Number of protein chains: 2
Amino acid sequence: MTAYNTRFHAYIEEIQTALAGCLPAQDSLQGEVARAMAYSLQGGGKRIRPVLTLEFCRACGGDTRAAMPFACAVEMVHSYSLIHDDLPCMDNDDFRRGRPSCHVAFGEATALLAGDALLNLAIETILTRADQNLLSPSSILRAAAVLFGCSGTEGMIGGQVIDLANEGKPVSEQVLAQTHRLKTGALIKAACVMGAVAAEADEVCVRAAEAYAENLGLAFQIVDDILDVTGDAAVLGKKTGSDAANNKTTYVTLYGLEASREMAAALTERAVESVRGLPMADSFLPDLARSLAQRVK
Amino acid sequence: MTAYNTRFHAYIEEIQTALAGCLPAQDSLQGEVARAMAYSLQGGGKRIRPVLTLEFCRACGGDTRAAMPFACAVEMVHSYSLIHDDLPCMDNDDFRRGRPSCHVAFGEATALLAGDALLNLAIETILTRADQNLLSPSSILRAAAVLFGCSGTEGMIGGQVIDLANEGKPVSEQVLAQTHRLKTGALIKAACVMGAVAAEADEVCVRAAEAYAENLGLAFQIVDDILDVTGDAAVLGKKTGSDAANNKTTYVTLYGLEASREMAAALTERAVESVRGLPMADSFLPDLARSLAQRVK
């Protein structure tokens, strides 16, 4: 196992344990929503965002224990957004990560509330689990402001709204880039920046985290667009060809496969460049960026 | 105008101005969700919760400006919960406060996202607008923890889940009380306690806020049950008789109208008792409790 894989898997194990410890009890009167939350939050996923939070904290010289509540919170926000995105009134997706989506497994009403509850739990996790012995209250407030600034109307939700407004319509490259910057980029940025804030790092580090996240986020989305054309549905755990079926403008429809691959590669190298100067920089963040560019799911 | 009415209306004006200042711009690419948020957040409502937050801050000797972000946040949480409650997969209510509900006016997808965005805005409002010159970062964290502890699975959402699980079934008095304690009581408690925390009041004050809220919250719900039987749909702005039509267990079905009225009156007087010792106590909180017990909508 490479050093990258070893550290990645160690982070994943710590994150799974921490997430499990945050979920509400399933044996209460309201146990059904707790089961739906666990089903979605623990039902796989790459855990890229929480890994980024922990790693940026480490690379900026911090104690990753200080970053764990933020890592859990960003994954909860991501998980809630997927539950709500899959609902019949949104994308109406019956499958997610190769299993029935939350509303198929638990019904629409419970899935709606499970999504709401995961967003609420993200906030609660930061407010009640951020360790005031490791981090000042004002750093906790700052990290939370980064996350929820990136998940609201000026971030992730804003991107979903723009996406919805342009459904089935051709869009310009500017609108496409803005949609991605908000819909998926903002939360990746929050993940990276919260790691730097959890390390109480200086502004140079925070800007490096932003630059890495912006380049990685756009590369990630372009690879998503490529995989929707070239990917294997069985490996991806979801249908392919859905962008074409929905007449969706993507990087592939705008530039073609070859140019899209080149753009993703160039953005990945820019992400790699941007973190070279971090106090505890090593090969992990470059390896992570390159592995995302080469992923098949 | 009585002193009570004068202060109440002054609070309402301040709250409307503050809420308007928190809403996102409507002239952006994502303007549609901003319009849906404004439609629901500014579409009437009694504003009981934010008034309680401001008044508890004042009655505990605090500066109400310190409490305003918390007052706005609790109203945003209330507003998001109504949007999601009205959705077809939940209560499927086409009307709210005498107007089309959010999903009827804006479509289901936008209403879903507007609800998500209002919950997100509640936390953003606290994180970015709580004034660190008036309040310490740790008091801000504490007030936020009170709100989101009361709005999640151990509070409001939990109550909605229990309610959903028992739809159309007769329930015991214990389950009914627990449902109300969580579904509506928890957020009223958060409103009162955040006011005390914004005043940096002592634990005696915090306990008085809790006791007032618990008694007021249950009385409020019993009056709701009574109005569903005796109320005027035109005055209420919503259908009456829906509890009976849905075979719902209520205080009225368990105890009858007369005993329910007596319970509401007794709880109201207990609420009044509990705030007698607050540093700046006057007749406002007693008047508020009594006016809610006597309301016709």
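A residue is called buried if 20 or more other C-beta atoms lie within 10 Å of its own, exposed if 12 or fewer, and partly exposed in between, with C-beta atoms placed from the backbone. The coordinates are a predicted model, in which local features need pLDDT of at least 70, side-chain atom pairs count only at pLDDT 80 or more, and totals for chains, interfaces and linings use all residues. Residues are numbered from 1 along each chain as its sequence is written, while chains are lettered from A and ligands numbered from 1 in the order in which they are written.

**Overall view**

The mean for chain A is 95, and 99% of its residues reach 70 or more. The model has an ipTM of 0.96 and a pTM of 0.96.

**The two copies**

**The interface**

Next, select the residues in contact across the chains (C-beta atoms, placed from the backbone, within 7 Å). Chain A contributes 43 residues and chain B contributes 43 residues. On the side of chain A that touches chain B, at least two residues each come from α2, α6 (108-129), α7 (137-151) and α8 (156-165); the largest share, 13 residues, is that of α6(A). Helices here are DSSP runs (H or I, at least four residues) and strands likewise (E, at least two), numbered from the N terminus. Because 100% of the interface residues of chain A are also interface residues in chain B, the copies meet through the same surface.

**Helix α1 of chain B**

Select residues 3-22 of chain B. This helix, α1, has 20 residues and spans 29 Å from its first C-alpha to its last, close to the 28 Å expected at 1.5 Å a residue (1.5 Å times one less than the number of residues). Which residues of α1(B) are buried? They are B:Arg7, B:Phe8, B:Tyr11, B:Ile15, B:Leu19 and B:Cys22. These cover an arc of only 100° around the axis, and therefore lie on the same side of α1(B); the arc is that of the directions from the helix axis to the C-beta atoms. Their cover includes α2 (31-41), α3 (48-59), α4, α6 (108-129) and α14 (284-293) of chain B. Turn to the face away from this buried side for exposed residues, among them B:Asn5, B:His9 and B:Glu13.

**The nonpolar core**

A nonpolar core is a set of buried Ala, Val, Leu, Ile, Met, Phe, Trp, Tyr and Cys residues joined through C-beta atoms within 7 Å. The largest has 197 residues, of which A:Leu147, A:Met194, B:Leu147 and B:Met194 touch the most other members. Centre on B:Met194: beyond its neighbours within four places in sequence, its contacts include B:Thr53, B:Phe70, B:Val74 and B:Leu147.

**Two positive phi angles**

Most residues other than glycine have a negative phi. A:Arg47 has a positive phi, near 60°, and sits in the loop between α2 (31-41) and α3 (48-59) of chain A. A:Arg47 counts as partly exposed, with 19 C-beta neighbours inside 10 Å. Finally, select B:Asn92, in the loop between α4 (64-86) and β1 (95-96) of chain B, where phi is positive at about 50°. B:Asn92 is exposed, because 11 other C-beta atoms lie within 10 Å.

Key. pLDDT = per-residue confidence, 0-100. Contact = placed C-beta atoms within 7 Å.
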